[in-house]
Amino acid sequence: MDEEYVEAVLACVEQVPSGRVTTYGAVAEAVGTRLGRGGPRQVGSVMALHGGGVPWWRVVRADGSLPPSHEGEGRLRHLEEGTPLRASGAIDLRAAYWQP
């Protein structure tokens, strides 16, 4: 994965406001529009390898669910930020979605 793509993904994720979320697909679309490459899985790879310095918990699956690796610390951060949740525990995307 090239550095330009990694930097573009991280810059996009840094913009997600507290208490809001976006999806891997939305980040991929925003970055892809600018750079012409990448998809949700590539965004996930960038986040897994390089996302420690950005608000990684604010990037969720398209259905609002958290990846298994986010269930602990990620869920706590959402609760601290007051991110709207559904009864199932998934993020309420209607209320919390932020479009990059």
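Is Arg 37 buried, partly exposed or exposed? Arg 37 is partly exposed, at a relative accessible area of 31% (buried is under 20%, exposed over 50%, partly exposed in between; 1.4 Å probe, protein chains only). The model is predicted: local features need pLDDT of at least 70, side-chain atom pairs count only at pLDDT 80 or more, and totals for chains, interfaces and linings use all residues. Residues are numbered from 1 along each chain as its sequence is written, and side-chain values use heavy atoms, without hydrogens and water.

The salt-bridge count is 5 (a side-chain nitrogen of Lys or Arg within 4 Å of a carboxyl oxygen of Asp or Glu). Arg 37 pairs with Glu 4, with the closest N and O atoms 3.1 Å apart. Glu 4 lies in helix H1 and Arg 37 in the loop between helix H2 (24–35) and H3, so the pair ties together parts 33 residues apart in sequence. Helices (H or I, at least four residues) and strands (E, at least two) are DSSP runs, numbered from the N terminus. Glu 4 is also partly exposed, at 47%. Asp 2 joins Glu 4 and Arg 37 in a network of salt bridges.

Glu 81 forms a salt bridge with Arg 58, at 2.7 Å between the closest N and O atoms. Glu 81 belongs to helix H4 (residues 73–81), whereas Arg 58 sits in the loop between H3 and strand S2 (59–60), 23 residues apart. Arg 58 is buried, at 10% relative accessibility. Within H4, Glu 73 and Arg 77 are 4 residues apart, about one turn of the helix. Their closest N and O atoms are 2.6 Å apart in a salt bridge.
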